[in-house]
2 protein chains.
Amino acid sequence: MKPPSEKSAGRRKSRPSFEPLQPHEIELADFFVRMAGILGVPRSVAEIYALLYVSSGPLDFDHIQGRLGMSKGSVSQGLKFLRGHEMILSVKEKGARRERWQPTPSLAASLVALLRSQVLPALEQAQPGLQRVLADAQQRAAQPEVIERLTRLNRWNSRALELAPLLLPPPGA
Amino acid sequence: MKPPSEKSAGRRKSRPSFEPLQPHEIELADFFVRMAGILGVPRSVAEIYALLYVSSGPLDFDHIQGRLGMSKGSVSQGLKFLRGHEMILSVKEKGARRERWQPTPSLAASLVALLRSQVLPALEQAQPGLQRVLADAQQRAAQPEVIERLTRLNRWNSRALELAPLLLPPPGA
DNA sequence: GCCTAGGTTCAAAAATTATTGAAACATCAG
DNA sequence: CTGATGTTTCAATAATTTTTGAACCTAGGC
């Protein structure tokens, strides 16, 4: 908690104060936070996205920080995450110092990209291991049922890897 | 670390000792753990599932606890979770006291069920809120772009809710 | 009924993950 | 180059989640 008196504090520089979130904004943020939670995306990231999503124009760093009342560090990391997953775009007006952010047009595409980035690496990394596990089981002449399971798992993994690039072209294509 | 000397400790009752996981089992467990992590399923649950998945027959409580070296509490909660999501089945031989567990036949179905159980409630709960947020925006005559976004979000939500029961019939159908 | 194997619960401890904020860095106007 | 604004980094802290284990149920055999 910080001292709430910020009325006529520092006139110079006029640190602008921002409104806290409105009820309708909170509602939307809650929704995004919950959905994000399922994918293990931290609350702060979801809140930033939600704010940009309901806002009329692009917002700059300070607005985001001010309205959500979170630290600089969190805002910076949150924007980095969203940028990295191509969920937001910067709209820098020429001659302006600061960047302003808005959501990318398609939330659907954003979600797919996000999923991709989480699932694909795991699938890729697992590929050789899974094959080895199966080979191992065959060599040990394990129960047919187990071999069957492991075979199916391998097929799945391969198919997922084949399909993935179709679902959404990789970041540079 | 526990004292490794458990050779001729207590003859009566013969507390059976279990082998630690073999390399191939560890590999598979790692895979499941990583995948589960994406959905926020705890490591211990994924490990239990993985163990049942590579094992030739159904395993009982003590085997699971012993081979994974985890506490009773974790095993109990893990089985509860897996049971609740219909990812495992109990095979109780008649005349036997203890239950023995094995994975349900379709991992795919299990995954869908798991997703459903996480996503659906969120969608349902959000429905009225999202509609309110949209109405609110329309009333405030917000930017067309924002209204457009919120409209699409609502459409999505509704469609997802309609489609859900088709994807997999609800637990009792 | 009483006892015991088998399992669950849940508060406390441990592990993990997210957030903060101050210092460091970058970039641009002058 | 200099100074200020705008942003990132990251170690420390806070919050959250997971695991543990001991006390507590519960059903079945005797």
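Student: Let's start with a single side chain: does Leu161(A) count as buried or exposed, and at what relative accessibility?

Tutor: Keep in mind that this is a predicted model. Leu161(A) has a relative accessibility of 17%, and because the cut-off for buried is under 20%, it counts as buried. The residue sits in helix α6 of chain A, which covers residues 144-167. Setting aside residues up to four places away in sequence, Leu161(A) touches Leu120(A), Leu123(A), Glu124(A) and Gln127(A).

Staying in chain A, have a look at Ser110(A), which belongs to helix α5, residues 107-139. Ser110(A) is buried too, with a relative accessibility of 2%. Its contacts, leaving out neighbours within four places in sequence, are Glu86(A), Met87(A) and Thr104(A).

Now zoom out to the chain. Chain A has six helices and three strands, and along the sequence they run α-α-β-α-α-β-β-α-α. Of its 173 residues, 36% are buried. If you take the contacts in chain A between residues at least 6 apart in sequence, 54% of them join residues at least 24 apart.

What about the nonpolar interior? In soluble globular proteins, nonpolar side chains tend to be buried together. Here the largest nonpolar core has 92 residues, and those with the most contacts inside it are Phe32, Ile64 and Leu150 of chain A along with Phe32(B), Ile64(B) and Leu150(B).

On the chain B side, 40 residues are in contact with 40 residues of chain A. The area buried between the two is about 3,500 Å², and carbon and sulfur atoms give 66% of that. Ile38(B), Tyr53(B) and Arg149(B) supply 18% of what chain B buries against chain A, more than any other three residues.

Then the polar side of the interface. Between chain B and chain A there are 14 residue pairs in polar contact, counting pairs with both residues at pLDDT 80 or more. The elements of chain B that give two or more residues to the side touching chain A are α1 (23-38), α2 (43-54), α5 (107-139) and α6 (144-167). Helix α5(B) gives the largest share, 14 residues. By type, the residues on that side of chain B divide into 24 nonpolar, nine polar and seven charged.

The rule finds two salt bridges across this interface. One of them joins the side chains of Glu27(B) and Arg132(A), with an N to O distance of 2.9 Å. Over all chains, the structure holds 16 salt bridges. The Glu27(B) and Arg132(A) pair crosses between chains, from helix α1 of chain B to helix α5 of chain A. Glu27(B) counts as partly exposed, at 29% relative accessibility.

Glu25(B) pairs with Arg67(B), their closest N and O atoms being 2.8 Å apart. Glu25(B) is in helix α1 and Arg67(B) in helix α3 (residues 61-68), so this pair ties together parts that are 42 residues apart in sequence. Both ends count as buried: Glu25(B) at 8% relative accessibility, and Arg67(B) at 17%.

The other one is Asp62(B) with Arg98(B), where the closest N and O atoms are 2.7 Å apart. This pair links distant parts of the chain, 36 residues apart: Asp62(B) is in helix α3, while Arg98(B) is in the loop between β2 (88-90) and β3 (100-103). Here the ends are partly exposed, with Asp62(B) at a relative accessible area of 30% and Arg98(B) at 41% relative accessibility. Over in chain A, Asp60(A), Asp62(A) and Arg98(A) are linked in a network of salt bridges.

Technical notes:
Residues are numbered from 1 along each chain as its sequence is written. Chains are lettered from A and ligands numbered from 1 in the order in which they are written. This is a predicted model: local features need pLDDT of at least 70, side-chain atom pairs count only at pLDDT 80 or more; totals for chains, interfaces and linings use all residues. Side-chain values use heavy atoms; hydrogens and water are left out. Contact means heavy atoms within 4.5 Å. Buried area is the accessible area (1.4 Å probe) that two parts lose on being put together, summed over both. A salt bridge is a side-chain nitrogen of Lys or Arg within 4 Å of a carboxyl oxygen of Asp or Glu. A polar contact is a pair of N or O atoms within 3.5 Å; within protein, one must be able to donate a hydrogen and the other to accept it, and residues adjacent in sequence count only if both atoms are side-chain atoms. Helices (H or I, at least four residues) and strands (E, at least two) are DSSP runs, numbered from the N terminus. Ala, Val, Leu, Ile, Met, Phe, Trp, Tyr, Cys and Pro count as nonpolar, Asp, Glu, Lys and Arg as charged, and the others, Gly among them, as polar. A nonpolar core is a set of buried Ala, Val, Leu, Ile, Met, Phe, Trp, Tyr and Cys residues joined through side-chain atoms within 4.5 Å. Buried means under 20% relative accessible area, exposed over 50%, partly exposed in between (1.4 Å probe, protein chains only).
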